[in-house]
Amino acid sequence: MASTRSIGNLPHTAPGALTGADGEPAADSGFDALSWERTLGQPLGGARWVGWRLRLLVAAALLGCLGLFIFIRALAAEPTLGLQGRAGANGGFEIALATQDSLRVHEGRTLVAIAPRGGSATSVDALALQRSPRWLVSDAARERHSAMHAGIAQALRAPEVQLSFADGSVVRAAVRPYGVFGLGSMFWLLCSLALVLYLVGMVVLLARPSMRNLLYATMCLCQAGNQLFIAVEALPGPGLPGGFQHWSLVLRSGFDLATAAAIVHATGMHPCALPKRQWIAAASWVLVALLLVLLAAHLLPGAWWWIQGLMATLGLVAIAQLTWSYHLERNPFAVVLRRFGIVTLGTLTLLTVAVAAAERLPTTPHHVSAVGSVVFYVFLGSLLVLMPFLSRSQQLMREFSMLAGISTVATSLDLLFVAVFSLGQFASLTLSLFLSLGVYAGVRQWILNQLIGSNMLTTERMFEQLYRIAREVEAQPEKVAERMQALLRELYEPIESMTVERATSRARVVGDGSTLLVPVPQLADDKELPPASIVLRFARRGTRMFTQEDARLTDRVVEQLKRAVAFDKAVEQGRTEERVRIAQDLHDDIGARLLTLMYKAQTPEMEDYVRHTLKDLKTLTRGLAASNHRLSHAMAEWKADITQRLNAANCELAWSFTTDRDMLLSVVQWSALTRVLRELVSNTIAHALASHVDIEGNFEDGRLTLTVTDDGIGRNPQAWSHGLGLGGVRKRVKQLGGDVQWREVSPQGISCRVRIDSLAQRR
C-alpha cells in the first residue's frame, strides 16, 4: 500500500504515493491534502444536513414556498377578459378562444381596440401577444408595446370594458379575476421550474458555503426570477398585471446579464483557479452594472442589441476561461462545461439572429420570442439544475436538457427560413426539424463522449486480472491496495492515482466527476491493515469524467475480487481437508503395513531400508497435514532425506544453503519444492551414476535459487525427452512462478538450476 500519513483530518501523501496512469510518479501534480479537500468539494467529515445547515435549508424552503404562494394568490386576483388571441394575417389580434358567451360568437374576428366603460380606447394589434419587452428588437416597438399594455391594464381595472372589432361591431364584456384554476397549465409548469431552481441553488449553497457555490446560487435565483416573469407572461388573455410592464425589461435583462457575469466569475475559479481571475470577474460585473443603470435611465439606444452583445461577449469569455483552465489542469469537467457553454452560446446566438431577422415580419416575431425564448430559458434552467449533479445524473435528465436546447434551435431555424428564404410554414417547419435532429445527434455524442467512455479492458482480461490479484493478495494481503490501484489505472487511465488512509463503504464520484474514490477491500483477517481508499483523478488522461456507471462498475469489480478471494480460500480449504484425509489414510493404512513389514524383514539391510521408508512416510504425512512449513525446518528435512538416499547409493553429498531470513512456506510451495529435489536426486542416482552431488541453495529478497550438480555420465540435456519425471519438475517450478534449466558442467556431469524470482511469504 502506498504510504500515507495524516495531518489533522486530512491525508498527506508521502513521497511516491501519487502515481500517473503508467504507474510512474506524477510530476509536480500538487495533489496534496489541500487539493484532496478541494477535489471532494467538502471537508472529509462531510457536510451533513444537521444543525444550522438543516435549519437554514428548511427556512429557505418554507420562505420560497410562502413567497410563491403569495405570488400566485396575487396573480389569481388580477382581472382578465377570459379570451386568448393569435396573430392575424395583417398583424391584427384575432380572438382564438373566448370563455364568455358574449365574446364566443366573435371568435376568429380581429380585435382593434379596448376601452373602459366611458373611458378612452387603446388600440390593439398582434403586438399585444408579445407579452415581454425583453425580446423586442426595436426601441420604437418597445415603447409602443409598453403604451399598449399600460392602456390594456388601465382598461381592465374597470368592471366592464368595451371591445371594438375590425368589422365595426362593438361588444361589452365583464372583467373578472383569473382565479387559481384560470392561470393556465404553462403558468404552473414554469412556477414549478422556478421553485426547483431556487431550492437547488439553496441546497448547493448551504451544503458547503463558498464563493463558487454563492455564484451558482446567484445563477439559479436569477433564472428562477426569469421563469416567474415568463409564467406571468404565459397568462391567458391580453394585458399584463399592473406594474409588471414597468419592471419587466430592466429586471429580466438584469437576470440575464447577472447570470452571464456569474458564469464568467465562476469559470475563473472552477474547475481550476486562473491567474487574474479577480480582474476579469470585476470587469464583467462593472460592465453589467453600467449597462443596467443606462437601461433603467432610458439612456441606452438600441438596448436589445447591447444586452445580447454583452451576453455573447461574456459567454465567449467564459468559454475562453474554461479552455485556459483545461490547459492548466486536465480536468474533464472543464471540457464538459466548455462544450455545454458552446452549445448554449450557439443556441442564444441563433435565437438572436432569428428574432432580429423576423422583426420585419408582422406575424412571426411574437411567436419566436414567446416560444423560442421560453424554450431557451427552460434549456438554460435545466442545465443549471443538471450541472452540480452531472456525473451523478441519470440519462433522462441529460437528454431532457439537450432536447430543450434543440427545441430552441428548431424554433429559431423555423423563423429564419420564413424570414430570410420566405418558405411556407410547412416547408420551414419540416426543414428546421430535419436539421435540428441532425444537430441533436451530433451534439449529443459530442457532449456525452466526456461522460461515457468505452472500457479498455475486455471481460475476459478483467476476470483474468481479478483472479491473478486474488491469488497474489491471498499470499500478501498488504499488497491489495497496490494491485487494485494497478488494475484501476489500466481500466480508467487516470492522470493521477493514490492511496489514502480513509474508510469508505462503496465507490463514489466526487469533485464534479473529476475524481473516483474506491474502497480498498479487506480481503484477509489481518486487523493490522488500516482502512484505505484509492483516489483516481481525471479519467482517460483527462478527456472524460467519472460517472455513476463507473462507480457501479468499480463496486462490481471490488465485489468480484472479494468473491475470487473467497473462492480461492474455499478451494484451498477443500484441498487442505483432502490432504489431511489422505495423510491420515497413509499413516493409518500404509504406515501400519510398513511397520509390519519392518518387523518381518529377512535381513538387517531390508529392515533398515523399510525403517527409513517409514520415516519418509511420516515426514510426508506430517507435511501434508500441516498448513505451512518454516523454510529452515524444510531445509533440515530435505538435507536429512537426501543424505539418507545418497548414502544408500554410495554417493557423497555437499550441502550449502544460505538465507537472509526465515519464512513460512505454504503446503503447496513445500510440496512442490520437496518433490522437485527428490526427482532431481532420483535422476542422479538412477541415470547419472554419479559419485558426488553438490546442492546449493540461496534465499534472498524473496528470490529462491536451487542448484543441483553431479559428476555423472549425463550429456546434452537439450536433447533429453521430458517424461513424467523431468516434465513434473518443470510443471511444479512453473506453478511457483519460476523456471528451471539444465546444462553440462566440466569435466563431466549435469547442473540443474531452479530459480523462483518471487517466493511469496505467508505471515
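## A tour from D550

Select D550: at 6% relative accessibility it counts as buried (buried is under 20% relative accessible area, exposed over 50%, partly exposed in between, with a 1.4 Å probe and protein chains only). This is a predicted model, in which local features need pLDDT of at least 70 and side-chain atom pairs count only at pLDDT 80 or more, while totals for chains, interfaces and linings use all residues. Residues are numbered from 1 along each chain as its sequence is written, and side-chain values use heavy atoms, with hydrogens and water left out.

**Around D550**

D550 sits in helix α17, residues 548-599 (helices are DSSP runs of H or I with at least four residues, strands are runs of E with at least two, and both are numbered from the N terminus). Show Y492, R544 and M545 next. D550 touches these three, leaving aside residues up to four places away in sequence (contact means heavy atoms within 4.5 Å).

Stay in α17 and pick E549 and R552. Their side chains meet in a salt bridge, 3.5 Å from N to O (a side-chain nitrogen of Lys or Arg within 4 Å of a carboxyl oxygen of Asp or Glu). The two are three residues apart in the helix, so about one helical turn separates them. E549 is partly exposed at 35%. R552 is partly exposed at 37%.

**Other salt bridges**

The count comes to 15 salt bridges. Go to D167 and R109, where the closest N and O atoms are 3.3 Å apart. This pair links distant parts of the chain: D167 is in the loop between β8 and β9, R109 in the loop between α3 and β6, 58 residues apart. R109 is partly exposed, at 33% relative accessibility.

Next, E482 and R483. Their closest N and O atoms are 3.0 Å apart. R483 has a relative accessible area of 21%, which means partly exposed; E482, at 41%, is partly exposed too. Then select R703, D739, R755 and D757 together: salt bridges link them in a network.

**Helix α2**

Colour residues 52-76. Helix α2 has 25 residues and reaches 36 Å from first C-alpha to last, close to the expected 36 Å (1.5 Å times one less than the number of residues). Its buried residues are R53, L57, A60, G64, L68, I72, L75 and A76. They pack against β10, α5 and α6.

Now show L54, V58 and L62. They form a nonpolar surface patch with about 260 Å² of accessible area together. V58 is in α2 and is partly exposed at 42%.

**Aromatic rings**

Which rings pair? A search of the whole structure finds 10 aromatic pairs (ring centres of Phe, Tyr and Trp, the last by its six-membered ring, within 6.5 Å; planes under 30 degrees apart are stacked, over 60 edge-to-face, the rest tilted). F187 and W188 are edge-to-face, 5.6 Å centre to centre with 85 degrees between the planes. F187 is buried at 0%, whereas W188 is partly exposed at 33%.

F229 and F255 have centres 6.1 Å apart and planes at 65 degrees, so this pair is edge-to-face. F229 lies in α6 and F255 in α7, so the pair ties together parts 26 residues apart in sequence. Both F229 and F255 are buried. Finish here with W135, W304, W305, F376 and Y377, which form one aromatic cluster.

**Zoom out**

Show the whole chain. The secondary structure comes to 21 helices and 21 strands. Buried residues make up 50% of the 763 residues.

Methods: Patch = residues over 30% accessible without salt bridge, like charges linked within 9 Å, V, L, I, M, F, W, Y side chains within 5 Å. Areas by Shrake-Rupley, 256 points an atom, 1.4 Å probe, with all protein chains shown as cover.
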